[in-house]
4 protein chains.
Amino acid sequence: MGVREAYLMNKAILIGRLTRDPEVRYTQSGVAVCTFTLAVDRRFARRDANDGQPTADFIPIVAWRKLAEICGNNLIKGRRISVEGRIQVRSYEAQDGSKRYVTEIVADEIEFLDSRSSVQHEGGFGAGAGAGAPAPQPQPQSKPADAGSFGPSIPDEEIPF
Amino acid sequence: MGVREAYLMNKAILIGRLTRDPEVRYTQSGVAVCTFTLAVDRRFARRDANDGQPTADFIPIVAWRKLAEICGNNLIKGRRISVEGRIQVRSYEAQDGSKRYVTEIVADEIEFLDSRSSVQHEGGFGAGAGAGAPAPQPQPQSKPADAGSFGPSIPDEEIPF
Amino acid sequence: MGVREAYLMNKAILIGRLTRDPEVRYTQSGVAVCTFTLAVDRRFARRDANDGQPTADFIPIVAWRKLAEICGNNLIKGRRISVEGRIQVRSYEAQDGSKRYVTEIVADEIEFLDSRSSVQHEGGFGAGAGAGAPAPQPQPQSKPADAGSFGPSIPDEEIPF
Amino acid sequence: MGVREAYLMNKAILIGRLTRDPEVRYTQSGVAVCTFTLAVDRRFARRDANDGQPTADFIPIVAWRKLAEICGNNLIKGRRISVEGRIQVRSYEAQDGSKRYVTEIVADEIEFLDSRSSVQHEGGFGAGAGAGAPAPQPQPQSKPADAGSFGPSIPDEEIPF
DNA sequence: TTTT
DNA sequence: TTTT
């Protein structure tokens, strides 16, 4: 027998901006899942260098359940947030039979760091915000909606805790 | 003009075990880079469930320069370590022209959490550790060595700070 | 007017050992609060140096509500845990009228890093564990009990969220 | 004998504002040490409640060596920064013979989150910035200077790593 | 003693 | 007052 000493840690803390409006979908059993990508500028990147080097990391984020719905209803492209969560690496088989890996942050906590109005004021996002355009509808589908398309393809086993 | 307020954060803190001995290579300009994969058990995974669900995340780690050499000379499959660093997402073009993404942790600090002897004692790896066997040489190439194979393919632009 | 941009962060992540059994008390309104001290060894301290330099930091921890009760029922002197929380600085007036400061970590999450039996086996605590002794009762007061002594002195305003 | 398994962690991550200009002093052997207090607003504090409850934690920060000098030369009351470091608890004997405890964060990394001009522009500090006033000299003593007063009282044993 |  |  003996002492079980299985210590582990898996924590990510990020601050960045959404590259797009978030997407909310639902699993077969109706659990909400929200996904988006966070752009986190690299600390010492020279954005003016034009040397082809990336100036940011684009990190996929996943939120589940209540947090997913709050994100879907409040986040919007360009908004700055902090995310605390764990790094998850999933694998799947590609069409050509090869194994592919997906790395994403499963969010435990998300904090909104600038007000929605400030994002708009700063002109953080363009499309559809032009003069004469109809009022934008930043809030994504807030319940079932088009859950049909992608939702059912999310297996319930993916749901954490 | 106005106030520049470009705050960002990108921090990962991990504790897990090496899935293999680390690899050390060198860039064209001779900078050491060490790579390995960290297995971090998932908190609520039931390892006995046999339900096909993963029980760990396998997270690629990269260390550079002095830290790379320390890792190459001291780490070994099965050893438990902590890693603190940042999440980096790189993209490259696959042979079929599609874009692929690689996510890895660029290590700032690594700490060795169990002594080398303890890993051996726990039977973390077998080959060559038997009585009467020649002294194992777990230390990978500690300087140029076979840098030729992969090393030169690491572009110097990848080197952080 | 303008953009409100009030970002803050206050996070502590600790791993150490309890210097004593935890204490559980109750506020006037019956909310559980558990306190104990965590000994966190200093990384580069030479424990053998005998130079009078401290080799550890002794950090006060506070847990509230359900977490307080779980701690009271499961923790014990010598046990190794991780604590995640925020740093809180309180002040109070001493008998001599001077202002004193108390710094403590308000725990959000606590994880038990070695099993209770392992602590016992390692001889972490002696009393009552001898052969033939009556079953030890490490669980402190699990509800009101002697809340009278210290409990009522905890003002309800101290309770977080 | 046996496996030594002495794992510890002691990490603090803070974002807040300086309550005053920082102070730089020097130890007997000439090592720079910078101290200041960080005000970190409490997340759910109601600043308008006027209920006597604190709305922020005031956390003492210490930086050493090069970092101390950078802080002394660049920080200023009201500036927003992030601090990463470890929690240190020191004790000393008060004049009345009782033991007192000081908790502070020993900084490993500090990041400046708003530009100096932005702090000024926001009216973060008034005195001496009026028209016709002589150029302000926010930079504290940048080398030995009045090290005499407090400096010599900092024992060299306090210096970390 | 406290920042915005 | 301190843990291993």
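**Where chain C meets chain D**

Biologist: In this predicted model, how many residue pairs are in polar contact across the interface of chain C and chain D?

Modeller: Since the model is predicted, a pair is counted here when both of its residues have a pLDDT of 80 or more. Under that rule, the number of residue pairs in polar contact across the interface of chain C and chain D is eight.

Biologist: Which strand supplies the largest share of the side of chain C that touches chain D?

Modeller: Several strands of chain C each supply at least two residues of that side, namely β1 (9-18), β3 (32-41), β4 (56-64), β5 (80-93) and β6 (99-112). The largest share, seven residues, comes from β1(C).

Biologist: How do the residues of the side of chain C that touches chain D divide into nonpolar, polar and charged?

Modeller: On this side, 28 residues of chain C are in contact with 28 residues of chain D. The residues on the side of chain C divide into four polar, ten charged and 14 nonpolar.

Biologist: What area do chain C and chain D bury between them?

Modeller: The size of an interface is often given as the accessible area lost when the parts come together. For chain C and chain D, 54% of the buried area lies on carbon and sulfur atoms, and the area they bury between them is about 2900 Å².

Biologist: Which residue of chain D meets the side chain of D57(C) in a salt bridge?

Modeller: The count of salt bridges between chain C and chain D is two. In one that involves D57(C), the distance from N to O is 3.6 Å, which lies within the 4 Å cut-off for a salt bridge. The partner of D57(C) is R86(D).

Biologist: Which residue of β1(D) does K11(C) stand opposite?

Modeller: Strand β1(C) and strand β1 (residues 9-18) of chain D run antiparallel, and seven bridges join them. In β1(D), the residue that stands opposite K11(C) is I13(D).

Biologist: Is R65(B) buried, partly exposed or exposed?

Modeller: R65(B) is found in helix α1 (residues 65-74) of chain B, and R65(B) has a positive phi of about 55° although it is not a glycine. Because its relative accessibility is 37%, which lies between the limits of 20% and 50%, R65(B) counts as partly exposed.

Biologist: What is the phi of R65(D)?

Modeller: R65(D) has its place in helix α1 (residues 65-74) of chain D, and R65(D) is partly exposed, with a relative accessible area of 36%. Although R65(D) is not a glycine, its phi is positive, at about 60°.

How values were computed
Residues numbered from 1 in each chain as written. Chains lettered and ligands numbered in written order. Predicted model: local features only at pLDDT ≥ 70, side-chain atom pairs only at ≥ 80, totals over all residues. Heavy atoms only, no water. Contact = heavy atoms within 4.5 Å. Buried area = accessible area lost by both parts, 1.4 Å probe. Polar contact = N/O pair within 3.5 Å; in protein donor to acceptor, adjacent residues only side chain to side chain. Helix = DSSP H or I, 4+ residues; strand = E, 2+ residues; numbered from the N terminus. Nonpolar A, V, L, I, M, F, W, Y, C, P; charged D, E, K, R; others polar. Pairing = 2+ DSSP bridges. Buried < 20%, exposed > 50% of the residue type's maximum accessible area, 1.4 Å probe, protein only.
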